[in-house]
Amino acid sequence: MSGRFARSGWLAAALALTLAAPPSGAASGVQQGVLRVCADPDYMPFSARSGDGFENHVALAVGHALGERVRFTWDTERGRGGFDGFLRETLRAKRCDVVMDVPYAIDGLAVTHPYYVSSYVFVYPRAKHYDITSMDSPELRGLRIGFETDTPAETGLKLRTLITHAKPFEIGDDPGASPAEILDAVEQGRIDVAVTWEPSIGYFLRSRHNLVVVAVPNARSQGSPEQYAFPMAMATRPDDHTLAARLDEVIASHQSELTGILAAYGVRLYRPSDVASR
Amino acid sequence: MKRQALAVALVAALSGSALVGGFAVTRAGAHQAQPAQSSAQTVAQTRTGTHSQLSLAALSEDPNQWVMPSLNYANTRHSTLTQITTQNVSGLKAAWTMSTGATRGHEGQPLVIGDTLYFESAYPNHIFAVDLGDYHIRWQYTPKEDPFAVSVACCDLVNRGVAYADGKIIAAALDGQILALDAATGRVVWNFKNDDPERGQTTTAAPLVVGNRVIVGVSGGEFGVRGYLTGLDLATGHMVWRAFSEGPDSDVLIGSNFSGPHNAGVSTWQGDQWKVGGGTTWGWYSYDPKLDLLYYGTGNPGTWNPSQRPGDNKWSMTIFARKPETGAAVWAFQMTPHDKWDYDGINEMILVDVQRNGETVPVLVHFDRNGFGYELDRRNGKLLLATKFDPSVNWASGIDMATGRPILNPAKATMAGVNVHNICPAAMGNKDQQPASYDPQTGYFIVPTNHNCMDYKAFSVKYKSGFPFVGAIVKMYPGPGGNRGAVIAWDPADGHIVWTDKERFPAWGGVLTTDGGVAFYGTMDGWFKAIDTKTGAPLWKFKVPSGIIANPMTYTHDGKQYVAILSGVGGWAGIGLAAGLTEPTAGLGAVNAASDLSQYTTLGGDLLVFSL
């Protein structure tokens, strides 16, 4: 399986996906010497008030590289307004200036170059010996599949009429929930296989060697293009190109340090081509 | 020797005024056409450089054999055989059949060289040499492949057939191996690794041999891959050139003789995006020996989200003309700049001569996935004609004859986050890889088409706290009238549709026309059909074991004409239609459309051969 995971080449491929660096524009509203980071106080493995999340560690590494002190602005990402509400209350309200972990192609924000690419994955007990390599694997048809709602996993299951036998999880909507819950369901046999975003569960997999992880390849076998791998970036307010450009410089010069932090949290890095289709 | 005499007699009987040329050609052909009987002799005879080039072109003129994937360099798929006619085709019967041993979609066609029939199955790519005298398997070879190729192959595990030259069968395996096998023994002469499934690449196209070059393309890699065409040395399998579809002119093999803009493979992209520019080359290749130009098309630009790749994205969606010896580009014509609909430009180029203003013009005819039939002067890429070959096309109202650019319908432009309804054609195009045929008797192109439309919500990437997702969805459904495909006759004089035979499913298999006035094609619901080329009137049909997405061919043996076809449903249309295509009003997941195609057919590969 190692062949499908990151090697030294992944960074070049990720950078190749990026747009040209944005032109410098409005000055950021940042207080001199302080990097104000918007973060969730209770959403491991992404972020926690204790500073234990990988976004927190990435923020500290970036702050160090910029020679700035990091100050977190805490607000839940999983409140009533969801992630958009979080942005409205924090970044857009200028209470902080950067979000550490968003999809590169997200609309309405200024994004940096992606600093990692990861993927949705299948997770199932090793002992089951399933032959699952893609959403089109026939064996899925007979299995009870757990998935996160409002994700590509849900779309893929709908396209294949697999959704009626599947069990939804709403971890991204529920401030009390842990992404580990979908792994618990696999281990307890409530579902046979989980389809979820790998960075949300890699941290919890470290103590669960009985589970197998297989990337979901991008597909268009159903006609509709299905994307399961996403380049991830940092984001600033849409007019704050100055900060985005400074962050880009840090990403370029400190990529291996950032990669190391992600690896320590069990985030599996994929070259874009690892999960390509056609 | 018996065969040689027969072939000569046949040509003499059939070709009338072309008797002298036919005689010479057939002698050369028959002489070459005995590799299966004596391998040592064959190698000695044919390893003579340019001699084999002449021989292959000459061989393709012999209607008793079928020596290239598309019959000839012009890709006409038109046979001059006349035993099977509109009058007697109703008496066509199965002559012999065999299992291919593979169950996935079969998109190729057999070759016949001398008294041996060669074909390749879908993955795992079994390659067979079958004796036409007693149907025993002379040899069979299955390459050992990287199984990861199966995971990254997009649209089923198809293969579009083998090539022949110089006593060798040239075959591509799904995982990118290009193999030269001794046509007599099946022994591997050389093996070249053309791509890397670990990088999302696979190979499905049939190679084309031009002179000492083996031309091979690449499939795969929706992002993370840059498409290329490769020229190998026929004798050794060594790579001589590789022409990328994007990048600096030096990568695209654009030199001072190129008629188009320079460095557009970089300048029409933002930043470094050309490095993942797509433009794969998985279609058919054709060649004009007189102009010494090779023609092929490139696929869709890399990233699926068009708003992430501003610019024309050259040279994706492009017809290229290159020198086969060096790969040097001579001209290029981009059909769909900045693609927003997934209209790959890889479909075949058919080379014919037409009368224009009293002058004979060498043209290239191409039925693109975008729904337009293009006629280009193949000497220079000048656009001569472009018309819709399906009236439902609505993403563009026409093609600007001065610039060659589509005249876009703004209401059908896809954009991030907006659900655009009723775009015709759907992403599969009005025609995909299924090759058309040119019938010189009627002057018509007989074109197998798709007839689907789509709702397309382009990529809007969002973040649900902790979970990235795309709002994109493409929903395909039958086009106006409810049929999902048709076989049409298209007149190159003015680009109008002469007749239309509707089909329930996309006509995902190719067409064969013959001088008997009969055209053949197969359907996904498992019928092999003969129709009158002039009128489209049905003449004969036969229910085959599995749906057809492959291409008919014809040959003679012991003086008798045979028509052969591979059955074995699948391909993009097979998977997509079998499992994903719902009625326009049905909610996603509400209809198990798998029951639709499966009411008619089931998977499984077979070779079927018919005769009177």
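## Chain B as a whole

Chain B of this predicted model holds nine helices and 42 strands. Helices (H or I, at least four residues) and strands (E, at least two) are DSSP runs, numbered from the N terminus. Of the 612 residues in chain B, 68% are buried, where buried means under 20% relative accessible area, exposed over 50%, and partly exposed in between (1.4 Å probe, protein chains only).

Contacts here are heavy atoms within 4.5 Å. Among the contacts in chain B with a separation of 6 or more, 61% join residues 24 or more positions apart.

## A buried strand and its partners

Let's zoom in on strand 15 of chain B, which covers residues 228-233. Six of its six residues are buried, so the rest of the structure largely encloses this strand. In a regular strand, side chains alternate between the two faces of the sheet. Here B:Tyr228, B:Thr230 and B:Leu232 point one way, while B:Leu229, B:Gly231 and B:Asp233 point the other.

Which strands pair with strand 15 of chain B? Two strands pair if DSSP finds at least two bridges between them. Strand 13 (residues 213-216) of chain B pairs with strand 15 in the antiparallel sense over four bridges, and B:Ile215 stands opposite B:Gly231. Strand 16 (residues 239-244) of chain B also pairs with strand 15 in the antiparallel sense, over five bridges, with B:Leu229 opposite B:Ala243. The hairpin of strands 15 and 16 of chain B has five residues between the strands, and B:Gly237 takes a positive phi near 80 degrees there.

## Two disulfides

A disulfide is a pair of cysteine sulfur atoms within 2.5 Å, and the count over all chains comes to two. One joins A:Cys38 and A:Cys96, with sulfur atoms 2.1 Å apart. A:Cys38 lies in strand 1 (residues 34-39) of chain A and A:Cys96 in the loop between helix 3 (82-89) and strand 5 (98-103), so the pair ties together parts 58 residues apart in sequence. A:Cys38 is buried, with a relative accessible area of 0%, and A:Cys96 is buried with a value of 0%.

The other disulfide joins B:Cys424 to B:Cys453 (S to S 2.2 Å). B:Cys424 sits in the loop between strand 27 (419-423) and strand 28 (437-439) of chain B, and B:Cys453 in strand 30 (residues 452-457), 29 residues apart. Both B:Cys424 and B:Cys453 are buried.

## Reading the numbers

Residues are numbered from 1 along each chain as its sequence is written, and chains are lettered from A and ligands numbered from 1 in the order in which they are written. Local features need pLDDT of at least 70, side-chain atom pairs count only at pLDDT 80 or more, totals for chains, interfaces and linings use all residues, and side-chain values use heavy atoms, leaving out hydrogens and water.
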